[in-house]
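Subject: Structure for you to look over

Hello,

I am handing over the structure below, followed by notes on what was found in it. Please read the notes with the structure open beside them.

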Amino acid sequence: MAIYLVGDVQGCYNELTALLKQVKFDKKIDVLYLAGDLVARGPDSLATLRLAKSLGNSAKIVLGNHDLHLLAVHAGIKKVKSSDKLSSLLAAHDIDELMDWLAAQPLIQKIPNDNRADTTSYNVAQNGNCAYMTHAGISPQWTLNDAVTQANFVQSKLASNERKTWLSHMYGEKPNSWDQATTDIDKFRYSINALTRMRYCFIDGSLEFTEKESPKNNCTSNLLHWYQLSTVIDTTRWVFGHWASLMGKCSHNNIFPLDTGCVWGNHLTMLRWHDKKYFNQVAIKNIKS
């Protein structure tokens, strides 16, 4: 039995299945963690969602910003972008079933310390050097308990009968500081932004949304990457996607960035958890026959 973690798939179904074949993934005994953004911009978001759903309990998913945007499009809140290549997905006969399944997925997953796939416990006080996965990271203004509590709060709203109402509150960049999130709507929006959109933060830990470059290319003195500011990651390992320009590189020992821009023609990255071995699949369109 092995635990595998994979970065942003974004509809790159062929690359995902090639990676699963490469590691000889067996859904009867192995577990696959997906770091969010299963859909959008790649060629086959429909097959990607169907595959993830078909794995049942052998797939552990966190929602990314593109997944949440898809839910809003399906709910009629936003219009689909042609660049997201979602037409076949939205026209699928099982679209409602897929969206109900997607909306029920969490924004945070606990990764076991060993090879057991029991991720049901969120006992923060006894976790020790535990590990978690979210799409973007953890807000520097949060404790681990804050992150788990707020992720569960968002999940409960998205899985409720009021999904459309809550999705309509999702868009916007304020509040960008946790101490300014005074209402449930504020907390919902801030939590989604922190868990699925964050890259850089201001020095006070508040969220910044425009800078996407890798740290080595960023010259803005008043910005730091979120993991420079978070104290949670001193004792907690964190797996995330979202930040393709990092290309899987980070100087912090407890950080595991997995988005390596497959949808942009780079490669899809998978990490085997127990021995920290990486597997890569070059974007299929770049493979020479």
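Arg163 is buried, with a relative accessible area of 16%; buried here means under 20% relative accessible area, exposed means over 50%, and partly exposed lies in between (1.4 Å probe, protein chains only). Arg163 sits in helix H7 (residues 163-168). Helices (H or I, at least four residues) and strands (E, at least two) are DSSP runs, numbered from the N terminus. Leaving aside neighbours within four places in sequence, Arg163 is in contact (heavy atoms within 4.5 Å) with Met99, Asp100, Ala103, Lys157 and Leu158.

Before going further, note that this is a predicted model, in which local features need pLDDT of at least 70 and side-chain atom pairs count only at pLDDT 80 or more, while totals for chains, interfaces and linings use all residues. Residues are numbered from 1 along each chain as its sequence is written, and side-chain values use heavy atoms, with hydrogens and water left out.

On confidence: pLDDT is the predictor's confidence in each residue, from 0 to 100. The protein chain averages 92, and 90% of the residues score at least 70. Over residues 115-128 pLDDT stays under 50, and the model has 28 contacts beyond four places in sequence for that stretch.

Met99 and Ala103, both contacts of Arg163, are among the buried residues of helix H5 (residues 95-103), together with Ile95, Leu98, Trp101 and Leu102. The cover over the buried residues of H5 includes helix H2 (45-54), E3, helix H3 (65-74), helix H4 (87-90), H6 and H7.

Next, the cores. A nonpolar core is a set of buried Ala, Val, Leu, Ile, Met, Phe, Trp, Tyr and Cys residues joined through side-chain atoms within 4.5 Å. The largest has 82 residues, of which Leu49, Trp226 and Trp238 touch the most other members. Helix H6 (residues 144-158) gives the most to this core, with seven residues. A second, separate core has 14 residues, including Val62, Ala131, Leu258 and Trp273. Beyond four places in sequence, Leu49 touches residues including Leu98, Met99, Trp101 and Leu102.

H1 and H2 pack at an angle of about 35°, with their axes 8 Å apart. Axes are lines fitted to C-alpha atoms, for helices over the stretch in contact, and angles run from 0 to 180 degrees between N-to-C directions. Tyr13, Leu16, Thr17 and Leu20 in H1 meet Ala47, Thr48 and Leu51 in H2.

There is also an open sheet of five strands, in the order E3-E2-E1-E11-E12, with mixed pairing; two strands pair if DSSP finds at least two bridges between them. Its edge strands, each pairing on one side only, are E3 (59-61) and E12 (277-282). The twist averages 20° from one strand to the next. E2 (residues 31-34) pairs with E3 in the parallel sense over three bridges, and Tyr33 has Lys60 in E3 as its bridge partner. E11 and E12 pair in the antiparallel sense over six bridges, with Gln281 in E12 as the bridge partner of Leu268. In their hairpin, which has four residues between the strands, Lys276 takes a positive phi near 55°. Helix H1 (residues 13-22) lies across E1 (3-6), E2, E11 (267-272) and E12, running at about 140° to E12.

Regards
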